[in-house]
Amino acid sequence: MRIALFGGSFDPPHQGHLAIAKAAADALSLDQVLFAPAGRQPLKRDGHAASFEDRLAMVALTCETDGRFEVSAVDAPHPDGSANYTVDTLEALAKSDSESVLFNLAGADSFQYLAKWREPRRLIDLAQWIVVSRPGVPLRLPEGLSLTATQQARVHLLDSVHEEVAATSLRERLAAGDRCADLLPAKVAAYIAQHHLYQST
């Protein structure tokens, strides 16, 4: 099995996420993409607009669009409220399934700051990386982190996704009453409306 972890806020999950996952699955012949909403991201200080439970539910609906996609709670919030680190998540996945080839899927905007993540070299050793192009962001190896030739070979740069969906502006549109049918899977839009998420207070 070729499995990719696709972590992130998913606040909410949108068509851009689907485009990234599909492009990666097609290019790297992935059997499974695990959509894993993050409990608490260490480099994101503002937290999340929707609860983890709502984000997990929306991701589950998003994953119905492709048989290769699966929702995962592997990055659920810790009971003590501490931050979720990708290195711990990848380590847990590697231990639970040592037979599969493990990948980590990330956007170029996140990957360029890999040197600031916890144990960046360990991250490259634990999983191969699929780095997807993002508008306005150079698609290249991370700054401030010298990788060996072996480590560089474990990074796959994928310049085939050009959809720009900014989560902040998406939430602003939702708060203004726009259902964002052009950017959200239909079932996610319906869930947001049903549960009154992202409404301005």
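Good morning. Buried means under 20% relative accessible area, exposed over 50%, and partly exposed in between, with a 1.4 Å probe and protein chains only.

A word on the source. This is a predicted model, in which local features need pLDDT of at least 70 and side-chain atom pairs count only at pLDDT 80 or more, while totals for chains, interfaces and linings use all residues. Residues are numbered from 1 along each chain as its sequence is written, and side-chain values use heavy atoms, with hydrogens and water left out.

Now to the sheet. Helices (H or I, at least four residues) and strands (E, at least two) are DSSP runs, numbered from the N terminus. Two strands pair if DSSP finds at least two bridges between them. Here six strands form an open sheet in the order 3-2-1-4-5-6, with parallel pairing. Strand 3 (69-71) and strand 6 (155-158) are the edge strands, each pairing on one side only. From one strand to the next, the twist averages 25°. Helix 1 (residues 15-27) packs on this sheet, and its direction makes about 150° with that of strand 2 (32-37). Such angles run from 0 to 180 degrees between N-to-C directions, and the axes are lines fitted to C-alpha atoms, for helices over the stretch in contact.

Which way do the residues of strand 5 point? Q128, I130 and V132 point one way, W129 and V131 the other, and all are buried. Strand 5 pairs with strand 4 over five bridges, and with strand 6 over four. I130 stands opposite L105 on one side, and its bridge partner in strand 6 is H156.

Leaving aside neighbours within four places in sequence, N104 is in contact (heavy atoms within 4.5 Å) with L5, T86, L90, A127, Q128, W129 and I130.
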